[in-house]
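Please consult it alongside the sequence and the coordinates displayed here.

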Amino acid sequence: MTHESAHAPGFPASRPRRLRRDDATRRLVRENGLSVNDLIQPIFVIEGHDHSEPVPSMPGVERLTLDRLQAEAAELERLGVPAIALFPVTPAAAKSDDAAEAWNPEGLAQRAVRAIKARTPEIAVITDVALDPFTVHGQDGLLDANGYVANDITLEALVRQALSHAAAGADIVAPSDMMDGRVGAIRRALEAHGHPETRILAYAAKYASAFYGPFRDAVGSAGNLGGGDKRTYQMDPGNGAEALREVGFDLAEGADMVMIKPGMPYLDIIRRVRERFDVPTFAYQVSGEYAMLNAAFDNGWLSREACVMESLLGFKRAGADAILTYFARDVAGWLAEH
């Protein structure tokens, strides 16, 4: 008798449907679940006062001024959402070739961190470490004389940006730029400048995806990028083993958590990372995934709550510990109701 047959008697001794007979039994044997503790809410921040702007390609998502950001953070905290990820919308006049606004202590991201911590100090604040919102060309790094994103000079800028976020009170800095060696450079700088407890969430496997379009509209980098792309530093969608190497490098350099981005098209990568490294693994249900689902909801083709919950449960089943999703506030509310 084989090992498999010893544990899997045939019908009628084995009737898998017995465990699906009623709600109570289904709940008792459920392998994965979704809770508010799994949710991170991304928020776009703009200059101004008592004002918000809708993002046309992301129905229901708005860019918020700092006062409205504070109110939103308070509501998210009330609902039990543990963390917010901030994405500033940089005015055109503040963008430059060297992205110096990225580490301005009075920059929008830095003021946003302080504003949240002043009102809701317990909610975790995650900041994006990348230069694309601050460069005139919309790339995540600085360009050399040939227009190529230069890795090593970009590291210096990313370190300055990360240190400014830590000084403002960010709990977690999240380098999303995909430059080689940036996690190690940031970790060494945080240690050297008195921020040893600042965590690093590394976008370790970030793919050159077609699903980012609405996000680039939201932060105002799409126009700067023009017809360019980010394929010289973001990962090729055809590669899987490479993602494991990238994750391994970032962990060795001092990352506390790793991110897979996008989410749903890369569930296999989440699973492989979880099985290989068994470290805190996050996933990002990106803007294109959000927009795609909302289009179906708005047309009445899919049920909003049921499909959102199922899509996020898929991340958990694949092995994700937490999920950045624009549905976080809605999901937290649904979970509270149930």
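How many helices and strands does the secondary structure of the chain come to? The secondary structure comprises 13 helices and ten strands, where helices (H or I, at least four residues) and strands (E, at least two) are DSSP runs numbered from the N terminus. The radius of gyration of the chain is 21 Å, close to the 20 Å that the globule rule gives for 338 residues, so the chain is as compact as a globular protein of that length. That radius is taken over C-alpha atoms, and the globule rule is 2.2 Å times the number of residues to the power 0.38.

The model is predicted: local features need pLDDT of at least 70, side-chain atom pairs count only at pLDDT 80 or more, and totals for chains, interfaces and linings use all residues. Residues are numbered from 1 along each chain as its sequence is written, and side-chain values use heavy atoms, with hydrogens and water left out.

**Overall dimensions and surface**

- The C-alpha trace of the chain spans about 70 × 45 × 40 Å along its principal axes.
- Of the 338 residues, 53% count as buried; buried means under 20% relative accessible area, exposed over 50%, and partly exposed in between (1.4 Å probe, protein chains only).
- The accessible surface of the chain is about 15300 Å², and carbon and sulfur atoms hold 51% of that surface; the areas come from the Shrake-Rupley method with a 1.4 Å probe, and for residues only the protein chains shown count as cover.
- Among contacts between residues at least 6 apart in sequence, 74% join residues at least 24 apart, contact meaning heavy atoms within 4.5 Å.
- The chain has 35 positive and 47 negative charges, and their mean positions are 8 Å apart. Lys and Arg count as positive and Asp and Glu as negative, while His and the chain ends are not counted; each charge is placed at NZ of Lys, CZ of Arg, CG of Asp or CD of Glu.

- In soluble globular proteins, nonpolar side chains tend to be buried together.
- The largest nonpolar core has 108 residues, and those with the most contacts inside it are Phe 44, Leu 86, Tyr 284 and Val 331. The largest share of this core, eight residues, comes from α5.
- A nonpolar core is a set of buried Ala, Val, Leu, Ile, Met, Phe, Trp, Tyr and Cys residues joined through side-chain atoms within 4.5 Å.
- Not counting residues up to four places away in sequence, Val 331 touches Leu 34, Leu 39, Val 308, Met 309 and Leu 312.
- Gln 161 belongs to helix α5 (residues 151–168) and counts as buried because its relative accessibility is 0%.
- Beyond its neighbours within four places in sequence, Gln 161 contacts residues including Ala 102, Trp 103, Asp 128 and Phe 134.

- Helix α6 (residues 182–192) is mostly covered, with eight of its eleven residues buried; among them are Arg 182, Arg 187 and Leu 190.
- The buried residues of α6 pack against β5 (124–129), α5, β6 (172–175), β7 (199–206) and α9 (241–253).
- After α6 comes Gly 194, which has a positive phi near 80 degrees.
- Leu 66 is in helix α3 (residues 66–79) and, at 17% relative accessibility, counts as buried.
- Leaving aside neighbours within four places in sequence, Leu 66 is in contact with Val 45, Ile 46, Gly 48, Leu 108, Arg 111 and Ala 112.

**Cis peptide bonds and Lys 261**

- The peptide bond from Phe 11 to Pro 12 is cis, with omega near 10 degrees; Pro 12 lies in the loop between α1 (3–7) and α2 (23–29).
- The peptide bond from Lys 261 to Pro 262 is cis, with omega near -5 degrees; Pro 262 lies in the loop between β8 (257–261) and α10 (267–277).
- Lys 261 itself is in strand β8 and counts as buried, at 5% relative accessibility.
- Lys 261 and Tyr 207 are 54 residues apart in sequence, yet 6.3 Å apart in space, C-alpha to C-alpha.

- Ala 99, although not a glycine, has a positive phi of about 60 degrees. Ala 99 is in the loop between β4 (83–88) and α4 (108–119) and is buried, at 0% relative accessibility.
- Asp 278, also not a glycine, has a positive phi of about 50 degrees. Asp 278 is in the loop between α10 and β9 (281–285) and is exposed, at 57% relative accessibility.
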